[in-house]
Amino acid sequence: MLTLVGARSGLGKLASRIGATVKNDATDFIYLGLGIVCGSLLGQVVIEFGDVPLSLGTGGGCLISGLLFGWFRSRTQTFGAFPPQAASTLKDMGLAIFIACTGLVSGPQAWPLLKEYGALLPFAGIAMVLVPATISLVVGRKLLKIEKPLLIGAIAGQQCSTPAITSITQVAQSSVPMLGYTITYTLSNFLLP
């Protein structure tokens with residue numbers, strides 16, 4: 001997107017030569033809602049692999065839909081506006097709701113499990129996260145020579161960790177890690193169950 005400043009008559013001629021004029025950059029809720037609905041429906045599709053039902057889930061379906069809708073938007077900037085501020089607000093709010101819901105669902109089972117397993121439970125949880133991430137970091141960096149931002153995003157995706165990728169992109173002040181995240185997240189979401 002390019003912002004031009006000048007006399008209206010000259011801008012009109014120039015704009016018609018270089019592309020379409022974007023008149024409004026407010027969030028296009030119809031396009032956004034259509035993307036969410038399509039993604040949710042795609043996530044409900046179940047493929048039977050032998051006796052094992054496989055699906056993308058709502059998250060994976062919306063991710064695929066978001067990639068497709070974003071690609072269509074990149075082709076023609078005259079529809080589907082979604083300003084970065086609106087995207088940031090929705091991501092932050094979604095992350096907060098996700099963490100709150102996870103705590104509400106997990107809270108009632110946490111105390112009996114901690115009484116039964118003691119300190120072993122938190123250490124086992126930490127190991128389940130750190131061991132695969134560390135192996136992926138070493139293999140990705142040393143053997144596959146993947147660039148660090150893409151690799152960190154891919155590791156967050158392999159663990160289906162939306163809070164991790166949100167934190168990574170905020171610290172990096174870049175969306176480059178999302179390039180590594182999207183495919184690994186989708187595959188992990190599909191294969192994990």
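These legends describe close-up views of a predicted model. Local features need pLDDT of at least 70 and side-chain atom pairs count only at pLDDT 80 or more, while totals for chains, interfaces and linings use all residues. Residues are numbered from 1 along each chain as its sequence is written, and side-chain values use heavy atoms, with hydrogens and water left out.

**View A. Nonpolar surface patch on helices H4 and H5.** Trp 111, Leu 113, Leu 114, Tyr 117, Leu 120 and Leu 121 form a nonpolar patch of about 590 Å². Patch residues have over 30% relative accessible area and no salt bridge; nonpolar side chains (Val, Leu, Ile, Met, Phe, Trp, Tyr) are joined within 5 Å, and like charges within 9 Å. A salt bridge is a side-chain nitrogen of Lys or Arg within 4 Å of a carboxyl oxygen of Asp or Glu. Areas come from the Shrake-Rupley method with a 1.4 Å probe; for residues, only the protein chains shown count as cover. H4 (84-117) and H5 (120-143) each supply at least two residues, and H4 gives the most, with 4. Helices (H or I, at least four residues) and strands (E, at least two) are DSSP runs numbered from the N terminus.

**View B. Leu 121 in helix H5.** Leu 121 counts as partly exposed because its relative accessibility is 33%. Buried means under 20% relative accessible area, exposed over 50%, and partly exposed in between (1.4 Å probe, protein chains only).

**View C. Helix H8, residues 177-191.** The 15 residues of H8 reach 21 Å from first C-alpha to last, close to the 21 Å expected at 1.5 Å a residue; the expected span is 1.5 Å times one less than the number of residues. Buried residues of H8 include Pro 177, Gly 180, Tyr 181 and Tyr 185. Strand S2 (52-55) and helices H3 (57-75), H6 (148-158) and H7 (162-172) pack against the buried residues of H8. Thr 182 has 12% relative accessibility and so counts as buried. Beyond its neighbours within four places in sequence, Thr 182 is in contact (heavy atoms within 4.5 Å) with Leu 63 and Leu 67.

**View D. Buried residues of helix H3.** These are Gly 60, Gly 61, Leu 63, Ser 65, Phe 69 and Arg 73. Their cover includes helix H2 (29-44) and H8.

**View E. Pro 53 in strand S2.** Pro 53 counts as partly exposed, because its relative accessibility is 48%. Not counting residues up to four places away in sequence, Pro 53 touches Val 46, Ile 47 and Glu 48.
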